[in-house]
Amino acid sequence: MPQEWWKPTWSVPAAMRAVRAAIVVPSLFAIAYKVIGSPQTALYATFGGIATLVIAGFGGTRTNKLSAHTQFAVVGSLALIIGTLVSGTTWLAALVTVPVTFAIFFGGIVGPNAATGAIAAMFAYVLPVVSAGGAATIPSRLEGWWMASVAGTIAVLLLSPPAPGHRLRAATAELAGELAGRLRAAADGQTTTPAAMRAAKERLRAAFDAAPYRPTMLGTADQALGSLVQLLEWGASQVGDAFDGHIDLARSCPQDRALLRAAAGLFADTQALLAGQAANPDFAALERARRLSAERLRDLSGRAGEPDARVAAAQAVHAQSIAVVARGAAADALIVSHRASAKAVEAERRDWYGFSTDAATAAAAPAAIVPANATPAAAALAAATNSPRIATNSPRMQGLIGAVTLVRRHASVRSVWFLNSLRAAVALAAAVAVADASGVQDAFWVVLGTLSVLRTSAAATGSTALRALGGTVVGFVVGAALLIGIGTHPGALWAVFPVAVLVAAYAPGTTSFLVGQAAFTVTVVVVFNLLAPVGWTIGLLRIEDVAIGCGVSLAVGVLLWPRGVSSVVGDDLADAFRSGAAFLTQAVDWALSELMVPPAASIAAVSAGIRLDDAMRCFLTEQGSKKLGKEDLWTLVNAATRLRLTAHTLAALRPATPVASADPGSACLPLAGSDGYAGAPACTGLRIEAADLAGFYGTIAQEVSRPSLGPTTVSPPLLMAPVMPRQASTADANAPVEASPEPELPHPHLFWVQEHLHHLSKGAQSVSEPAQHMAEVRRRPWWR
């Protein structure tokens, strides 16, 4: 039986939050009003306490919380000062509200604590910007704000439930352990089942997607953990493709089995490092195993007509790909556990951020010598190190580059952070102007009402506005009845005050938004009657003010972002497919040749992938019905991710020895026969296949991007993904081999590239129909 909408659920964290607020907020008000004797200090201490103890809700360790509360106090102080200084002139206050609000909301890109503290920090701005009082009131207002900040921080640090274990880190370690065990069993020729690994992968995904914000911050260890999550998920997909009952490694060559054992060792080291244990990943042993496996494959593939050459090639391709994932996972785990050197951190940063500084430097640096067997990150690092222009080995410079890259990534209409921040800035500026023009008694409630109900779509904003008004009316009725029953005697109000705060602080997250609004309204009625006894009419005025604020919020939602996050998800999907297609073609070129500069398209692909992840989180938490089926959407998101990670793996598979070439302009030997690619070099054929796949995904991007509107628009036919030919079937080692020209491809690396393209083409077969559904949804008017 479903629980009643008004009935709260039990939550220990919410109970502790309520107890903290019920103790601290009334105490601050009493000290400021009765001891200090300043109504300004009392008001700002009260609302500062509510913002610090109820609205903010910072997470992490006590050190994380202390840092977040300190930064929150500083940002709030700056906002309070600015709001006070511009409050005397309406047009100036409205104009300044835009950059201040945008900066506070956009700052959420730094991490989850900054994101959750944005609305709380706005309390420090919206109260003074619409209140009377000039610069002379700043000291008393700051006094109240800092009283609340200090007392609230102490209360949070002392009265918080025991910090739960790092759920994301534990889930990551679990999946690493499952991968290690499965690889060892496969290398020993034992039959394995995918159930445990798939369950671990689902738990990791659930832990990573549990919050509306990415659970990693801007710090080096946080970025490494985010990268590690992605690598392990990709590794689980690779292992699933290879060993889900399709390939028996008992008959494979010893070199491949040794490579899998080396990869299993690195996954086991990853698990140990995440669990806080000592481990020393042996990267050199893994690279030796990779080289021996490649040499064995070259020997097999050179024997025309050898019956097991193609099966051996398929097995070696999977082993090499899994080894690449294991190497990156162990490197990230060293950084997460703070055991990596500064040089190792620098080499991994490109994969996390995709910044262009080192790539651009590499292109500009003369005579930068890059080894042919370098990975993209190492090659970019080597080129950047040879340049005198940028010294990226400084921790301060690394942090600066990371911050600048993060801002550039989200400074786009494709970013939900940018659009949310812009919409909030315009809405609050409009609320400030409307509140002053309407001449309401308490303009603060107009702006706060706008802030409270502003959601990502017009429909969701309208729904929240109705609940906000309903909650305010209910709170007014309860508050009026309370005042009629007990009167405005200070003793009775002081007795009710902690109880009202207790209920208002417990409501968020445990009951409906309407109940929370009602509880907050009762608290406001009590506070303002303690400051100046006016009776129940203060609640009636708040209903009027909140209604105006809701109207402003709804109007801005309709004008700026009526469709909500779904439109951004479509645009970000299109960007992810386009950038992934470009990355794929460049990665194939990088893998098959001796290019000195790694694929520059990885920068755009990484940025597009992160923006898509942020948009998906926002979409899944957006209120209201979803017009696009989640299954279709996840199919498209997973396809975009697989495209980018396939390109990433190809770029990391660059051979330890360059492919021989008889032609200085080609990296591959030509096929001897006249069939196949009609005598063209084998590399040319693989590039053609990559171009076909890239073209397909480019067409998909065009379809899911913003379509033209109109009743005459006809849905395009379903696209057919190209089917890539292959030399060996990994789906079944005993299946008949597809016809192909002889002799075999002359170098093992060509098998690696071909196998990845084949698997990517198989996954592309399921993309067309969901893309068509998204295009159809995006053609409809937003109100339908």
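I began with R261 and D188, whose side chains meet in a salt bridge at 2.9 Å, N to O (a side-chain nitrogen of Lys or Arg within 4 Å of a carboxyl oxygen of Asp or Glu). R261 lies in helix α11 (residues 254-274) and D188 in the loop between α8 (167-187) and α9 (195-208), so the pair ties together parts 73 residues apart in sequence; helices here are DSSP runs of H or I with at least four residues, numbered from the N terminus.

I noted that this is a predicted model, in which local features need pLDDT of at least 70 and side-chain atom pairs pLDDT 80 or more, while totals for chains, interfaces and linings use all residues. Residues are numbered from 1 along each chain as its sequence is written, and side-chain values use heavy atoms, without hydrogens and water.

I then looked up accessibility, taking buried as under 20% relative accessible area, exposed as over 50% and partly exposed as in between, with a 1.4 Å probe and protein chains only. R261 is partly exposed at 38%, and D188 is partly exposed at 46%.

Next I turned to R414 and D575, whose side chains form a salt bridge at 3.0 Å, N to O. R414 sits in the loop between α17 (395-410) and α18 (416-438) and D575 in helix α24 (residues 565-592), so parts 161 residues apart in sequence are tied together. Here R414 is partly exposed at 26%, whereas D575 is buried at 16%.

I also found E287, R290 and R327 linked in a network of salt bridges, and the count of salt bridges comes to 8.

Last, I checked H338, which has a positive phi of about 60° although it is not a glycine. H338 is found in the loop between α13 (309-336) and α14 (342-353), and H338 counts as exposed at 67% relative accessibility.

Definitions and conventions. Helix = DSSP H or I, 4+ residues; strand = E, 2+ residues; numbered from the N terminus.
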